[in-house]
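Please consult the sequence and the model alongside the text.

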Amino acid sequence: MMLLKEIAKVIGIAYEGPELEIKGMNTLLDALEHEISFVASSQYKADLENTKAAAVIVPLELITSVPESCMALPCEESYLKMAILSKYFTRPILDDKAPSPIIGKNSQISSKAHIENGAIIGDNCTILAGAYIGLHVRLGDNVTLHPNSSIYAYCEIGNDVIVHAGSVVGSDGFGFAHTKTGEHVKIHQNGNVVIEDDVEIGSNSTIDCAVFGSTMIKKGVKIDNLVQIGHNCVIGEYSIIVSQAGIAGSTTLGRNVVLGGQSAISGHLNIAPFTTFAGRSGATKNIKESGKTFAGFPLMEHRQWLRLQARIAKLLR
Amino acid sequence: MMLLKEIAKVIGIAYEGPELEIKGMNTLLDALEHEISFVASSQYKADLENTKAAAVIVPLELITSVPESCMALPCEESYLKMAILSKYFTRPILDDKAPSPIIGKNSQISSKAHIENGAIIGDNCTILAGAYIGLHVRLGDNVTLHPNSSIYAYCEIGNDVIVHAGSVVGSDGFGFAHTKTGEHVKIHQNGNVVIEDDVEIGSNSTIDCAVFGSTMIKKGVKIDNLVQIGHNCVIGEYSIIVSQAGIAGSTTLGRNVVLGGQSAISGHLNIAPFTTFAGRSGATKNIKESGKTFAGFPLMEHRQWLRLQARIAKLLR
Amino acid sequence: MMLLKEIAKVIGIAYEGPELEIKGMNTLLDALEHEISFVASSQYKADLENTKAAAVIVPLELITSVPESCMALPCEESYLKMAILSKYFTRPILDDKAPSPIIGKNSQISSKAHIENGAIIGDNCTILAGAYIGLHVRLGDNVTLHPNSSIYAYCEIGNDVIVHAGSVVGSDGFGFAHTKTGEHVKIHQNGNVVIEDDVEIGSNSTIDCAVFGSTMIKKGVKIDNLVQIGHNCVIGEYSIIVSQAGIAGSTTLGRNVVLGGQSAISGHLNIAPFTTFAGRSGATKNIKESGKTFAGFPLMEHRQWLRLQARIAKLLR
């Protein structure tokens, strides 16, 4: 909790309005009536007009779009100001006062695993040595955490999930605001990762938590080794992600998408269901039509890629 | 152990034959006389004709190739049925009744390492904090396991081996059968990884166990950081695999193969000895002639790749 | 400490000179007066002429360039001989006699983290379960080590540094000398990693220690997940390295370099400040002019790459 006056001080703004108590930070559309939000560009003007946030960090040119119910904190570099403020709304990762973990029936927990307070673990789980279960994590039934896997605080894992050795669920998304002199200010990541039932995650893969809300790994997804999934991604049901593939932040895959080994998808994209990406392919645009197979970087339909390789081979003659 | 009648029930087949006790599951050629096997396509007809398995899950059209000594379990989707059944033949990863680990002379084991039952560790080993040694693992002499490395159950490691921090040896191969509605059924991986003498494995690399049999890392192989080696691969003596390279399942490298950084090899290939792959190259076909250097994706000889780049550069004029 | 006579014996050379005590091994220019060095090619002739080393392993053809103050150990395969000898000058990674770790004020150390002797930890640090802090490591103030991260012996970490789960700082650089019969002899890595203030390292990334001296991660650098940084690299201030990018050994980045996802830089290069590499790009040459943006492999300026892709697309018509 923080007073709006204190917030204004932290981000270097004069504030003369009412003394509001702000309990959290969130996106324009998800902010509750005691939360603060921010807007960085006119692209989000409609969201700004509809926000329920108590206050908003806003560039001068958008100030007329702030709803009456919402206190405006007008400034330059609103994105940077949000990043500076995000530090004050981080959640704890350790809490002596949270209740002791609750462990379900028939769950085997190695004495060398570590479970933080507030965690709730279902029945028939197997938690091997070196596995880490963070503050307030929830695991369903029949979950296996292999050695030295790490589940960060606040993440939620469904039933029948396997996480192989060394994989990391819920590490901070890679988000920074930049100063004019080229320094980077961390945007503290306040979301989590939600993993649904029947998911398997290979060894040494990484799934970042959301900045706000949840990174989602939906039912039946299978992830291989050394895969990277960025913050706020949504991986559709039964998708398959082969080793060393990477998905940048805020990308949504439909169901049954297949990513070949070492392939990649840029951030903020939507990929239609049943899309297949060959190994090494790289997508930088939305895929709207479902069921197609792509290859190459830049990406093209697989049969076109084969034709292109034939043409390129001709260059050698 | 499972009765053949129970097996038939699990995979949804009517079975009226003799009550056989089945003790394991294996490939057609490796199955012993008390094991069950499977065949998914006519490509393996010759193997089927020569199997010693007690029983076989077989598509209807191959039923005439089943030897007399072998009970046929005819069905559709035999590969999927095998996956469903594989769950019943998994080995335990924890076993209270297995003997306590045996530790050789002069080996230093951190009190924060973890050694499961049945493990046998040689002389002069150094096992640092957070290292995990699974059930029935065998380590030779002079082995160093750096912090938070994980050796899964049943793996075998020779003498003078170094495994750096965070690396994972023996995690499950990435194998699934698929239902008609797009769900994935895990093929439980019953094999292990065998690492011969004088091997070094960098940090956060992953080597998957075999589905049956062993993934092999032969004598003197050197593996860098963040490398992926799929299930059932055989990495020939003195091969060098540079950082972020990946090898898909069931590929065999001859001796002294060199993989450059971020290169990749598809599954089920044979690579001749003394082959060199430049950084970023990607092989999708067998390499039969030894001693050549390749580059690019699609792969070509390195000198040809250089010529191609010159031609491509001309396109810009 | 080792007598020069013993050293000569280890590398198979007859030595008749004075009985010197050699206390370490180092590069020609960094070697102190009680250290041994080596030279493998005439490229380093000038360095050889200026070395202060007590002795040098030197090819026959360079023997006339050895300074008078320096004892020459002339031989064939001097690089291989150096590798063989490097084993005798490794530092310990465990030391019962080193002092107990020193922990600063208000630092929270999980009982399941592990801190080796000689480590010094600053104030207000948070060391989570499974984190490993090696022999003689130094951490500044406000450092967070997430679960199962590993900091190898002798590394130094500044203030306000975050290391996410599973990342490895200081694992051995990937360096080997090769025998005529294709075997690899480990060059033992005697350097460390130095991480300056305000650095953040994502999950499951790997940063190798230097062979001699230090791999440097300078102030304000931000590294994403699954990134590889080779031995003896210098990463300039405020550089950003996105997920799955890799930098080979001995490359120096200027300040504010940006590496996109899955990009790569070869070893022994210099990259000018404020250079940006698009995702998947691969640099194999020095970048001398600062502030440019590159793409592709082979690398070219980004606008040229866009033009090239347009030309390539035309091939399909």
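Across the interface of chain C and chain B, 27 residue pairs are in polar contact, both residues having pLDDT 80 or more. A polar contact here is a pair of N or O atoms within 3.5 Å; within protein, one must be able to donate a hydrogen and the other to accept it, and residues adjacent in sequence count only if both atoms are side-chain atoms. The model is predicted, so local features need pLDDT of at least 70 and side-chain atom pairs count only at pLDDT 80 or more, while totals for chains, interfaces and linings use all residues. Residues are numbered from 1 along each chain as its sequence is written, chains are lettered from A and ligands numbered from 1 in the order in which they are written, and side-chain values use heavy atoms, with hydrogens and water left out.

The side of chain C that touches chain B draws two or more residues from each of strand E18 (168-171), strand E19 (176-178), strand E20 (184-186), strand E23 (206-208) and helix H4 (302-314) of chain C. Helix H4(C) gives the largest share of that side, 5 residues. Helices (H or I, at least four residues) and strands (E, at least two) are DSSP runs, numbered from the N terminus. The rule finds 1 salt bridge across the interface of chain C and chain B, a salt bridge being a side-chain nitrogen of Lys or Arg within 4 Å of a carboxyl oxygen of Asp or Glu. Lys186(C) and Glu200(B) form a salt bridge in which the closest N and O atoms are 2.7 Å apart.

Between chain A and chain C the count is 27 residue pairs in polar contact, with both residues at pLDDT 80 or more. On the side of chain A that touches chain C, at least two residues each come from strand E18 (168-171), strand E19 (176-178), strand E20 (184-186), strand E23 (206-208) and helix H4 (302-314) of chain A. The largest share of this side, 5 residues, belongs to H4(A). The rule finds 1 salt bridge across the interface of chain A and chain C, and Lys186(A) is joined to Glu200(C) by a side-chain salt bridge (2.7 Å, N to O).

The table sets out the contacts (heavy atoms within 4.5 Å) and the buried area, which is the accessible area (1.4 Å probe) that two parts lose on being put together, summed over both.

| Interface | Residues in contact | Buried area | Share from carbon and sulfur atoms |
|---|---|---|---|
| Chain A and chain C | 50 residues of chain A, 39 residues of chain C | about 3,200 Å² | 60% |
| Chain C and chain B | 50 residues of chain C, 39 residues of chain B | about 3,200 Å² | 60% |

**Symmetry**

Chain A can be laid on chain C with an RMSD of 0.0 Å by a turn of 120 degrees and a shift of 0.0 Å along the axis. This is the relation of a three-fold axis. Chain C is superposed on chain B by a rotation of 120 degrees with 0.0 Å of shift along its axis, at an RMSD of 0.0 Å. Superposition is by least squares on the C-alpha atoms of residues with pLDDT of at least 70 in both copies.

Only 16% of the interface residues of chain A are also interface residues in chain C, so these copies meet through different surfaces. For chain C and chain B, only 16% of the interface residues of chain C are also interface residues in chain B, so here too the copies meet through different surfaces.

**Strands and sheets**

Two strands pair if DSSP finds at least two bridges between them. In chain B, an open sheet of 9 strands with parallel pairing has the order E7-E10-E13-E16-E21-E24-E27-E30-E33. Its edge strands are E7 (102-103) and E33 (270-271) of chain B, each of which pairs on one side only. Within chain B, strand E16 (residues 156-157) and strand E21 (residues 192-195) pair in the parallel sense over 2 bridges, and Ile157(B) stands opposite Ile195(B) in E21(B).

In chain A, strand E4 (residues 35-38) is joined to strand E3 (residues 24-25) by 2 bridges, and the two run parallel. Gly24(A) stands opposite Glu35(A) in E4(A). A further partner of E4(A) is strand E5 (residues 55-58) of chain A, joined by 3 bridges in parallel, where Val56(A) is the bridge partner of Ser37(A). Glu35(A) and Ser37(A) point one way from E4(A), Ile36(A) and Phe38(A) point the other way, and all are buried. Buried means under 20% relative accessible area (1.4 Å probe, protein chains only).

**Helix H3**

Helix H3 (residues 78-86) of chain A is mostly covered, with 7 of its 9 residues buried. In chain B, 7 of the 9 residues of helix H3 (residues 78-86) are buried, so this helix is largely enclosed by the rest of the structure. The buried residues of H3(B) include Lys81(B) and Met82(B).

Notes
Buried < 20%, exposed > 50% of the residue type's maximum accessible area, 1.4 Å probe, protein only.
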